[in-house]
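Good morning, and thank you for the time.

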Amino acid sequence: MRAWVLVCAVLWHLVGVGWQRFSEFTEKGFVYGKPGHTVKIYVELHHNSPFLVCMDIQLANKETVDPTYFWIGPDEKILTGNYRINITETGKLLVKDFLESSSGLYTCTLSYKIVNAQTQKEKMVKLSYDFMMFAYREPDYSYQIAVRFTTKSCVGKYNELLFTVLKKILDNLISDLSCRIIEPSYKCHFVKLPNHGLIPELFIAFQVTPFAPKACNDSVGCEDITNHNVLQARDRTAEFFRSQAYIFYHDYNKSLPAMHFIDHSFQMARMDSCRPGFGKNEGLHDNCATCCVVCSPGTFNPDAGVTCQICTSILTYGAKACP
């Protein structure tokens, strides 16, 4: 409330906004194979994968005799149970603490028998199921915000003073959330309104962003906290300008100052960035289009870009540089 009152006073003085993601699953969170089809699965970094079932859902609803299961992971490594790989006796696979290097193709071969009840003759059946698992992480959020203020003139010191005071107020408003205002700017334009002459207005733009999201590195849950703080900072900023509109347009006992926030001028858009080694690709990862998915072999992301760049010499997932 103090910030809102302060900006009002200044203006009067001047005038004198991880579950896992996968495509085939049941209410129990199991992902079934599909014959002749690779099932894509997206697992949040440092979380457990869903259980991959070495069977299609139709076969799972039938009886199978003497089933055996054989799992091969990325780089054609034979998978056996260990502290990170959990394979149940019924062939379900779960990968714990999923990493960039855990990404890749997982193939299971199911073998079972069909027994003729009358002759007791046995027939061996083999089926193969492919699962493509990708590590992903949520993007880092920041918000681009634009507002407009009326002004007396496009020249003079008052415009710069308003801009400076407004920036300080907004910074103080969100500083306890470890967020800040960056790239603030303003321009004065003449606007022609219906049935009015030319009116000078200040077009102000800035970003709401966390101080140092990269400091999270691979800390579990850190980026969730950072994004949560940015969302709160966004909401506080939006509420601040809503309050400006309320103060100026609902206090009928006062006339409007020459410099004031223009109601309904508030605009906001989220701007995502991805951590190194991750990027967005809606065409390749349509089931996780808003995610930052691990860069596949042949690509890399060195900084806070949004997409992975091409580098044919890279053979691993999650590359941060092109050798």
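The charged end of Arg-137 sits over the ring of Phe-278, and the distance to the ring centre is 5.4 Å. Please bear in mind throughout that this is a predicted model.

Asn-301 belongs to the loop that runs between strand S16 (299-300) and strand S17 (309-310). Is Asn-301 buried or exposed? Its relative accessible area is 0%, which is under the 20% cut-off, so Asn-301 counts as buried. Beyond its neighbours within four places in sequence, Asn-301 is in contact with several residues, among them Cys-274, Arg-275, Cys-295, Thr-307, Cys-308 and Lys-320.

I turn now to the sheet. Four strands form an open sheet in the order S11-S12-S10-S13, with antiparallel pairing. Why is one side of S11 and of S13 left without a neighbour in the sheet? Both strands stand at the edges and each has a single partner strand, so one side of each has no neighbour there. On average, and with direction ignored, neighbouring strands of this sheet are turned by 20° against each other. Strand S10 (residues 140-150) and strand S12 (residues 198-210) run antiparallel and are joined by eight bridges. Within S12, Leu-202 is the bridge partner of Phe-149. Helix H3 packs on this sheet and touches S10, S11 and S12, and its direction makes about 145° with that of S11.

Finally, the aromatic rings. How many aromatic pairs does a search of the whole structure find? The search finds nine. One of them is the tilted pair of Phe-163 and Tyr-186, with 4.8 Å centre to centre and 45° between the planes. This pair links distant parts of the chain, 23 residues apart: Phe-163 is in helix H3 and Tyr-186 in strand S11. Phe-163 counts as buried at 11% relative accessibility, whereas Tyr-186, at 25%, counts as partly exposed.

Another pair joins Phe-241 and Phe-261: the centres are 5.3 Å apart and the planes are at 40°, so this pair is tilted. Phe-241 lies in helix H4 (residues 222-250), and Phe-261 in the loop between H4 and strand S13, 20 residues apart. Both residues are buried. Phe-241 and Phe-261 also belong to one aromatic cluster, together with Phe-149, Phe-206, Phe-240 and Phe-266.

Technical notes. Residues are numbered from 1 along each chain as its sequence is written. This is a predicted model: local features need pLDDT of at least 70, side-chain atom pairs count only at pLDDT 80 or more; totals for chains, interfaces and linings use all residues. Side-chain values use heavy atoms; hydrogens and water are left out. Helices (H or I, at least four residues) and strands (E, at least two) are DSSP runs, numbered from the N terminus. Buried means under 20% relative accessible area, exposed over 50%, partly exposed in between (1.4 Å probe, protein chains only). Contact means heavy atoms within 4.5 Å. Rings of Phe, Tyr and Trp (its six-membered ring) pair if their centres lie within 6.5 Å; planes under 30 degrees apart count as stacked, over 60 as edge-to-face and the rest as tilted. A charge sits over a ring if NZ of Lys or CZ of Arg is within 6 Å of the ring centre and within 35 degrees of the ring normal. Two strands pair if DSSP finds at least two bridges between them. Axes are lines fitted to C-alpha atoms, for helices over the stretch in contact, and angles run from 0 to 180 degrees between N-to-C directions.
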